[in-house]
Amino acid sequence: MTWKDRLGRIARGRRGRAAPAVPGGGELTCQELVELVTDYLEGALSSGDQHRFEAHLEGCDGCEAYLEQMRGTILAVGGVAGADLDPAMRERLMDSFRDWRSRRDV
Amino acid sequence: MVPVDRGSSPEPARPAEGGWTDDAGLIEALRKGDEAAYRALVDLHTATLLRLASMYVSNHELAADVVQETWIGVLQGIDRFEERSSLKTWICRILVNKAKTAAQREGRAITFSELGDDELAPAVDPERFHALGPDRGQWSLAPQEWDRPEERLLSRETRAVVERAIADLPTNQRITITMRDIEDLSSAHTCSVLGISEGNQRVLLHRARTHVRAALEAYFSDVTDTP
């Protein structure tokens, strides 16, 4: 998967099921919203909480920037991947495979 | 053939070398002792397994031993594998069991079920919100959009910042963010392998991501301030 695919997936913010409801039920504060960002990106908010989350975002540049930073963070963490397999280790693994197969065939 | 958008499918089948596109084909080939199938599987998963093993044990050699034991466990168990989970989930679960045993031998124990005090820490420093008055809970020091994010987030220097931030995390958070955001494994897979609930996993992931975000924010503001 390329990082662009990943970004697309991160950006989607899937619609979700169960909810850790925020106490109250009125408008979210910024301080409450930052604690819900992962649940939002994971699609784990109730439809009510998701609506309140998105309603807050529309009027709040700070939270919009925060959410973008969290998406950027996920992208950057994904960039850490990608060590190639050490050929010597692969050979050891292939040796134990041949060993397993020869004993199995007996 | 036209590529299909798999939508929210958690683990899209990646075509492996040799043309096995699904678990069933690989499992069948492996049971027949097909070396190319095994090599494809090793190439596909060993880097992930090594990274996970190194979270549990203290050095690279021990991690490599755990991975070696895991692959032997896979071969010994393949005939009995009932395909109730994906092949990858099953392999990772074998790894986690072997890694925990190795960690215990070293006197290192990792518990996933308990969330430490750290899990209650706020995502963002409370000082950055108004504490009183009509604006209580609103930003007093709001985050700024990062400049040229794609280019900077994937730079070598940023990568080092991210690696350091992840290395600082408590073990259970480090393993969770590694599985989800580095190895790009699904939430279902991660919960199944680690034996934790979805909710528990989200808390760990949230804490881990917010810690890395804070490190990146600090790094980018330093970089910006330097002429």
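Predicted model: local features only at pLDDT ≥ 70, side-chain atom pairs only at ≥ 80, totals over all residues.
View 1. Local features require pLDDT of at least 70 and side-chain atom pairs count only at pLDDT 80 or more, whereas totals for chains, interfaces and linings use all residues. Residues are numbered from 1 along each chain as its sequence is written, and chains are lettered from A in the order in which they are written. The model scores ipTM 0.77 and pTM 0.77.

**View 2. Helices of chain B.** Chain B contains nine helices and zero strands; helices (H or I, at least four residues) and strands (E, at least two) are DSSP runs, numbered from the N terminus. Among the elements of chain B, mean pLDDT is highest for helix 3 (residues 60-77), at 95, and lowest for helix 5 (residues 149-153), at 86.

**View 3. The two domains of chain B.** The domain assignment, automatic or from a database, gives domain 1 (23-105) and domain 2 (117-225) of chain B. Their centres, taken over C-alpha atoms, are separated by 29 Å.

**View 4. Contacts between the domains of chain B.** Ten residues of domain 1 of chain B are in contact with ten residues of domain 2 of chain B. On the side of domain 1 that touches domain 2, helix 2 (35-56) and helix 4 (87-105) of chain B are the elements that give two or more residues. Helix 4 of chain B supplies the largest share of that side, five residues.

Terms used:
pLDDT = per-residue confidence, 0-100. Contact = placed C-beta atoms within 7 Å.
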